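Welcome, and thank you for taking a look at this model. Please keep the sequence and the 3D view open side by side while you read.

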Amino acid sequence: MACQSVCVIMDEQALLGLNPNADARYRHRAMAYFEQLKESQDGWEVCAEALAKGIYNDDHVKFFCFQVLEHQIRFRHAGLSAVQQQLIRETLMKWLQIQLMNAEPEKPFIRNKAAQVFALTFVMEYLTLWPKFFFDILTLVGLNPRGVDVYLRTLMAIDGEVVDRDILHLPDSPQEIRRNALIKDQMRERCIPTLVESWFQILQTYQQSHPEITCQCLEVVGAFVSWIDLNLIANDRFVNLLLSQMSVMELREEACDCLFEIINKGMDPADKIKLVESLCQVLQSAGFFNVEQEEDVDFLAKFSRLVNGMGQSLVLSWSKLSKNGNVKEAAEALQALESKVPLLLQLLIHEDDDISANIVGFCYEYLHVLKQLPQLTDQQKANLEAILLAVMKKLTYDDEYNFENEGEDEAMFVEYRKQLKMLLDRLAQVSPELLLEAVRRVFNNTMQSWQTASFMEVEVAVRLLYMLGEALPASHGAHFSGDTAKTSVLQDMMRTLVSCGVSSFQHSSVSLEFFETVSRYDKFFLVEPQHIPIVLMAFLDQRGLRHSSPKVRSRVAYLFSRFIKTLHKHMNAFIEDVLTRIQDLLELNPPENGFPALLTSDDQLFMFEAAGVLIVHGESPMERKTAMMTSLLQPLMDAFNVLLNKLSLERDEEKQNAIGDCLSHAVGFASRTSKAFSNKQTVKLSGCSEVYRGCLQTFLPALSVPLQKGSLRSAVRSFLHRMIICMEEEVLPFIPSASQHMLKDCEAKDLQEFIPLISQITAKFKSQVSPFLQQVFMPLVLSIFEVLGRPAEENDQAAALEKQMLRRSYFTFIQTVAGSGMNEVMANQGAENIERVVFTIIQGAVDFPDPIAQKSCFIILSKLVELWGGKDGMVGFPDFIYKHIVPACFLAPLKPSFDLSDAQTVLTLSECAITLKTIHLKRGLEFIQFLQQEYLPSLQVAPEISQELCQVLQQPDVKVLKNYIKAFFQRAKL
């Protein structure tokens, strides 16, 4: 390196751009300079010298120098000369020496970056060039607090590079994994006892004077304990020191975490029990078990996590000892476990949910232990009941929960509730009778005085009843048949719920819980249908669908639909009344209406579905059903006509969007009513054909409107899908004109969504739609070719994906037509068109690396060979088989992109094998001779392999052929 002043060598102007407040020009120059130094062979040396001599005081320049050095070590270390590698080591040690003498320590972000560079150098050099890495550092820093700080940060950075997989790395290569294992082995052998001793000295020396260094050291011990010899840490000398730090306010949280990591370390069950018990003894005698006297919730959250770790360790030890038949030791483990339950309960019931949540794991596993015991003692039953009461209490909302604007705190409580639900479910497995009785007691007491109770008490009482539905499972929700003890208690509670008036409670959480519970136990009303009117009224008035909270109204709309679908057989007496009461909720919300509607359009879908179910499944005469369905759908049709005319006149784009949405909603609502029909209850039998025909006549003109084309076509297409299912052949007269409009001005997505409609018609009606299919086949195919042929930007991944999906849809359509038994649809398209289509199938099988599409292509080719490949098949087709289909069966699997380790590709290969088999079945010996004498020799296949393949082809078992073909191509690709 040139012996010039560094100040001269470094670009001072560029360095100005490192300041966050620098203008863009300087920042750009700094970035360019950074790249220049990174790429230069020896540019980094100026940074090394700047660090070693402490030339710059600016923190950003120091950080910059470390960044350049880091890049050099991480990406170019192997290419450095021995002198340059030595320079890096010297630079780091000189920089560290400066830290020991400086009046002020470096900023934390500089120290962290330095530690990262130390750690990277360690990873690169410890096994070969710098085995005395730790000896050198410890010799230099001694017990100097600034040096110790960098040493500890370096250890954490080494943990991040070598051990801690929670840190986001790029996937490690096998070499890195091997290297990291070697580093840990060498460290265990050479230096870990020295490091542990240094930690002990640091913890002892600095616990009073430098608590922040002590905390750092505790973090290091916690990180390293998972892979070093535990005896170095889990001994009286070290553990007593850690326990003494549990009593120091600034250290106790880190000490807790450190003890947690020690407890988590895998070890012999008997030794683990001994360790846990000795820790607990000291903690208890120091007063840590008196949870209610501790006010520091942050510490208690850490302590709760520690107790959780100790409890789970004891459960694991008990489990291992029980499995191995160590009866005496297992009994001791259980006793140790039981003695922690009072502490567990104190933490579980704590008012701070974080503290409570941290002990849930231990609680869950303790319940699992109880579940495995043949019989419970009185104490264990008391523990069970205490846990149950704690869970029921902790499920309760607090005053601060914001129901109208739920934020992060509310989301955390919802998550915490899910954890408590797991405990409740586990309690039910241990003692369903206890759970049922406890819930019954709480529920009945609360319902007797709900008018004077707080919303939290009422909500949790109803919630507990709701939760029983999953805690005490029943097949298909049959909670009210079978075990009479359970059913009578549930029935009593449901009877109380619907008759005590609690549905009128003025709080959204109670309202929601009431309707959720009524819907979960809807089978109750099959047993006691006399309660249906009361609940229906609750759904329909200000308690439900007209509640002041939009959240409640929205959820109730869905639950109402579910309730109606389950109980439609019991609704006959209320149909007309219900339809009248919900009439205003079934109105299309006009786009220009400034008033917010009670329900969103998504909520209204459920209302229309419920109305459809009521009409279709009611016992009214056919004329009455027709009249009711007409009065439900006619307003939609009238509004649709008005809005469609309005759309064609509207020039404002925002208003066009609003009208388009409204039109789509109208079609969606009509579509949703058809969900009420089934195979037994068809449109025709219900007398509703006429009204749905009217809907089709009203909606189809929207297909020819150029505005809002995407959303309107999508809505009408969905409606047609529903009508094909419900109206069957009555829909057929509408299909040709609908198809004609949908094929005009198509985008890839339009075609992709149109093809399933044509495929559905083809599969359902087969020969009935043959004339229509013959007519629409080529226009559809040509539209697809036109869209696929449009040029697209080279890097436009969205367009490429759209084309891939359209290509798949096209092949699926041809597959449906070929497989529907309507030979004439393709056969009558004229020789030129047939050839063009079949060539696209060959191209799809060979040229596009998409196994899903390729599989469809081979299925089509098999079908075409079956249809046209025989002696009385299509003229000229046998020649096409030999020129194009047979080569496709070999060229596709030989492509580099044809990945035989991919499951989807293997399925494609199976279809390829079936195509070859079908050709043999149709052409016989002629095909075998063609393979042996012409085609396989052209691929340079050895005669013995060729003969082997032809023999397998002639065997009747196609499975043998599939296996052989896979092996054949695996061999060919070697």
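This is a predicted model: local features need pLDDT of at least 70, side-chain atom pairs count only at pLDDT 80 or more; totals for chains, interfaces and linings use all residues.

Residues are numbered from 1 along each chain as its sequence is written, and side-chain values use heavy atoms, with hydrogens and water left out.

## The nonpolar core

The largest nonpolar core has 342 residues, and F134, M187, W199, F303, Y692 and F890 touch the most other members. Such a core is a set of buried Ala, Val, Leu, Ile, Met, Phe, Trp, Tyr and Cys residues joined through side-chain atoms within 4.5 Å. Here buried means under 20% relative accessible area, exposed means over 50%, and partly exposed lies in between (1.4 Å probe, protein chains only). Helix 24 (residues 455-471) gives the most to this core, with twelve residues. Helices are DSSP runs of H or I with at least four residues, numbered from the N terminus.

Which residues does W199 contact, leaving aside its neighbours within four places in sequence? Its partners are Y151, L155, C217, V220, V221, F224, I228, I233 and F238. Contact means heavy atoms within 4.5 Å.

## An enclosed helix

Helix 18 (residues 341-348) is largely enclosed by the rest of the structure, because six of its eight residues are buried. Those buried residues are V341, L343, L344, L345, L347 and L348. They pack against helix 16 (297-323), helix 17 (327-339), helix 19 (353-357), helix 20 (360-372), helix 21 (378-394) and helix 22 (408-430).

Two packed helices are described by the angle between their axes and the distance between the axes. The axes are lines fitted to C-alpha atoms, for helices over the stretch in contact, and angles run from 0 to 180 degrees between N-to-C directions.

| Helix pair | Angle | Axis distance |
|---|---|---|
| Helix 29 (residues 550-567) and helix 31 (residues 601-617) | roughly 20 degrees | within 8 Å |
| Helix 35 (residues 709-726) and helix 36 (residues 735-742) | about 155 degrees | 12 Å |
| Helix 36 and helix 37 | about 160 degrees | 11 Å |

Angles under 35 degrees count as roughly parallel, over 145 as roughly antiparallel, 65 to 115 as roughly perpendicular and the rest as oblique. Helix 29 and helix 31 are therefore roughly parallel to each other. Helix 29 passes helix 31 in a left-handed crossing, a term used if the near helix is turned anticlockwise from the far one by less than a right angle, with right-handed used if clockwise. On the helix 29 side, S554, A557, Y558, F560, S561, I564 and K565 take part, and they meet D603, F606, M607, E609, A610, V613 and L614 in helix 31. By class, this contact of helix 29 with helix 31 has nine nonpolar, two polar and three charged residues. Ala, Val, Leu, Ile, Met, Phe, Trp, Tyr, Cys and Pro count as nonpolar, Asp, Glu, Lys and Arg as charged, and the others, Gly among them, as polar.

Next comes helix 35, whose crossing with helix 36 is left-handed. R713, R717 and L720 in helix 35 meet I735, A738, H741 and M742 in helix 36. The residues of this contact divide into four nonpolar, one polar and two charged.

Helix 36 also passes helix 37 in a left-handed crossing. There, I735, S739 and M742 in helix 36 meet F754, L757, I758 and I761 in helix 37. The contact of helix 36 with helix 37 has six nonpolar, one polar and no charged residues.

## Some single residues

I273 is found in helix 15 (residues 269-285) and is buried, with a relative accessible area of 12%. How far apart in space are I273 and L314, C-alpha to C-alpha? They are 6.2 Å apart, although 41 residues separate them in sequence. Not counting residues up to four places away in sequence, I273 touches L314, S317, L321 and A333.

T698 sits in helix 34 (residues 689-699) and counts as buried at 10% relative accessibility. Beyond its neighbours within four places in sequence, T698 is in contact with M637, F640 and N641.

Q708, in the loop between helix 34 and helix 35, is not a glycine but has a positive phi of about 55 degrees. Is Q708 buried or exposed? Q708 is buried, with a relative accessible area of 18%. K766 lies in the loop between helix 37 (748-765) and helix 38 (770-788). K766 has a positive phi of about 45 degrees, although it is not a glycine, and at 39% relative accessibility K766 counts as partly exposed.

Technical notes. Helices (H or I, at least four residues) and strands (E, at least two) are DSSP runs, numbered from the N terminus.
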